[in-house]
Amino acid sequence: MGEVYQSLENSNGAAGRFISSHSQFGDKVIARDLGITSWYAPDQVFIDVVGLTDPFIARKKAELGYNIHNRYLMEQDPASLEKMKVLFAEMRQYLFEQNAKWLVGMTYFGDFETAKSAKNAIKKGEFSFFYDYFKNDAFYYHIASDARFFERYALAGIWQYSATTYVTLFQNV
């Protein structure tokens, strides 16, 4: 239990503290894991990409019957896949309309070798490595695959969450 808490404290918690110290009251934050991040940034408004606390996102996902866990099944059906593409486009549009100052991402690397390469990329200051993986994050509706993302957001921080996962913080510039 202590290791899990320490991991959260050093990643999501660090992102929350960073956001809090670099924000004004009411700044918006797009995030998936709200817990400890929002606890450390209580003066910010969090937009929950999962939809647990955001009625618009919850409604849109429910209309389609979409959730992150049945995504793989839906991708196998051409009609469902097309509906997912429409949903993802609507979600990206909604998130961009929020004009959030921050986006807290989780960047997953599928294996230890790739994660090791990520760690080396950080040491070298080669952060584009993270963008390439974040582009495919379905939790964020592939928001980083949209050209508007790079026009508006720049990487502001990276914290290691686990051996294969990093918290990536993007700031609206």
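Residues are numbered from 1 along each chain as its sequence is written, and side-chain values use heavy atoms, with hydrogens and water left out. Because the model is predicted, local features need pLDDT of at least 70 and side-chain atom pairs count only at pLDDT 80 or more, while totals for chains, interfaces and linings use all residues.

Helices (H or I, at least four residues) and strands (E, at least two) are DSSP runs, numbered from the N terminus. Two strands are taken to pair if DSSP finds at least two bridges between them. On this basis, five strands form an open sheet with mixed pairing, in the order β2-β1-β3-β5-β4. Its edge strands, each pairing on one side only, are β2 (45–48) and β4 (153–162). From one strand to the next, the twist averages 25°. Strands of a sheet pair through backbone hydrogen bonds, either parallel or antiparallel.

Strands β1 (residues 28–31) and β3 (residues 102–108) run parallel and are joined by three bridges. I30 has L103 in β3 as its bridge partner. Helix α7 (residues 112–124) packs on the sheet and touches β4 and β5 (165–172). The direction of α7 makes about 45° with that of β5; axes are lines fitted to C-alpha atoms, for helices over the stretch in contact, and angles run from 0 to 180 degrees between N-to-C directions. The pairing of β4 with β5 is antiparallel and extends over eight bridges. A hairpin joins these two strands, β4 and β5, through two residues. The bridge partner of G157 in β5 is L169.

T107 is located in strand β3. Its relative accessible area is 1%, so T107 is buried (buried means under 20% relative accessible area, exposed over 50%, and partly exposed in between, with a 1.4 Å probe and protein chains only). Apart from neighbours within four places in sequence, T107 is in contact (heavy atoms within 4.5 Å) with F130, Y133, F134, T164, T165, Y166 and T168. For T107 and F134, the C-alpha to C-alpha distance is 5.5 Å, although 27 residues separate them in sequence. The side chains of T107 and T168 make a polar contact (3.1 Å). A polar contact is a pair of N or O atoms within 3.5 Å; within protein, one must be able to donate a hydrogen and the other to accept it, and residues adjacent in sequence count only if both atoms are side-chain atoms.

Side chains of opposite charge can pair when their charged atoms come close. A salt bridge is a side-chain nitrogen of Lys or Arg within 4 Å of a carboxyl oxygen of Asp or Glu, and by this rule the count comes to seven. One of them joins the side chains of K101 and D27 (3.7 Å, N to O). K101 lies in the loop between α6 (78–97) and β3, and D27 in the loop between α2 (12–21) and β1, so this pair ties together parts that are 74 residues apart in sequence. K101 is partly exposed at 22% relative accessible area, whereas D27 is buried at 17%.

A further salt bridge is formed by the side chains of E90 and K60 (3.4 Å, N to O). E90 in helix α6 and K60 in helix α4 (residues 55–64) are 30 residues apart, and the pair links distant parts of the chain. E90 is partly exposed at 31% relative accessibility, and K60 is partly exposed at 21%. The side chains of D146 and R148 also meet in a salt bridge (2.7 Å, N to O). R92, D146 and R148 are linked in a network of salt bridges.
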